[in-house]
Amino acid sequence: MTSYAFDILVDRVTVLCCSCALARSGLTAYGVTHLDMMTQMKVLDNFCMVYATYYYYPYIDFEHFVTPETTNPLILKPTKERAIVEYILNEKWCDEGILIEALKTYLQWFRNDEELYCVADFFGLDRKTLDYWIKEALEDAEV
């Protein structure tokens, strides 16, 4: 079991997001220890502490495409597909380099087009937008 030092500090149900969700899903190495979490409290939007940053997202889905972390079951980790889809959907979270790295990893090691499009449809991500980012990742020559 992986140990994350700050997980014990989370005391209410939350969903991981941003690079933290991608990292915890095994898609990137950036953002492994710092917690990026969704919040329904607008006042906490972009509130950053040593161990966590909160991002306001009024329509958090706590039920679909998530699993509780073994380190703290109040922390819900998105599936690889949900982490990618939500990262694309939320431009304020999105760093193009991290997204490309995550997509390249996903496409090489975990690719499941049916599941990825299912999650995109569920969360309302336009397939053309998803296809654009997949194409960008496939054409990226950086190692």
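**View 1. Residues that line the largest pocket of the predicted model.** The lining of the largest pocket divides into 11 nonpolar, three polar and two charged residues, where Ala, Val, Leu, Ile, Met, Phe, Trp, Tyr, Cys and Pro count as nonpolar, Asp, Glu, Lys and Arg as charged, and the others, Gly among them, as polar. The space in this largest pocket comes to about 280 Å³, and of the 16 residues that line the largest pocket, the closest to its centre are Arg12, Val13, Met38, Thr39 and Tyr54. Strand 2 (residues 35-39) gives the most to the lining, with three residues. A pocket is defined on a 1 Å grid over the protein atoms alone, as an open set of points where a 1.4 Å probe fits, with protein on both sides within 12 Å along at least five of seven lines, and lining residues have an atom within 4 Å of a point. Grid points are joined across faces, edges and corners, and the volume is the space filled by probe spheres set on the points.

This is a predicted model, in which local features need pLDDT of at least 70 and side-chain atom pairs count only at pLDDT 80 or more, while totals for chains, interfaces and linings use all residues. Residues are numbered from 1 along each chain as its sequence is written, and side-chain values use heavy atoms, with hydrogens and water left out.

**View 2. The open sheet of three strands with the order 2-4-3.** The pairing in this sheet is mixed, two strands being paired if DSSP finds at least two bridges between them; strands (E, at least two residues) and helices (H or I, at least four) are DSSP runs, numbered from the N terminus. Strand 2 and strand 3 (47-48) stand at the edges with a single partner strand each, so one side of each is left without a neighbour in the sheet. Strand 2 and strand 4 (residues 52-56) run parallel and are joined by five bridges, and threonine 39 has tyrosine 56 in strand 4 as its bridge partner.

**View 3. The open sheet of three strands with the order 1-6-5.** Pairing is mixed in this sheet too, and its edge strands, strand 1 and strand 5, each pair on one side only. Strand 1 (residues 14-15) runs parallel to strand 6 (residues 75-78), with two bridges between them, and valine 15 stands opposite leucine 76. Strand 5 (residues 66-68) runs antiparallel to strand 6, with three bridges, and a hairpin of six residues joins strand 5 to strand 6. Leucine 76 is also the bridge partner of proline 68, while valine 66 has proline 78 as its bridge partner in strand 6.

**View 4. Helix 2 packed with helix 3 and with helix 4.** Helix 2 (residues 80-89) and helix 3 (residues 96-110) pack at an angle of about 155 degrees, with their axes 11 Å apart, which makes helix 2 roughly antiparallel to helix 3. Axes are lines fitted to C-alpha atoms, for helices over the stretch in contact, and angles run from 0 to 180 degrees between N-to-C directions; angles under 35 degrees count as roughly parallel, over 145 as roughly antiparallel, 65 to 115 as roughly perpendicular and the rest as oblique. The crossing of helix 2 and helix 3 is left-handed, the near helix being turned anticlockwise from the far one by less than a right angle, whereas clockwise is right-handed. The axes of helix 2 and helix 4 come within 9 Å and cross at roughly 45 degrees, which makes helix 2 oblique to helix 4.
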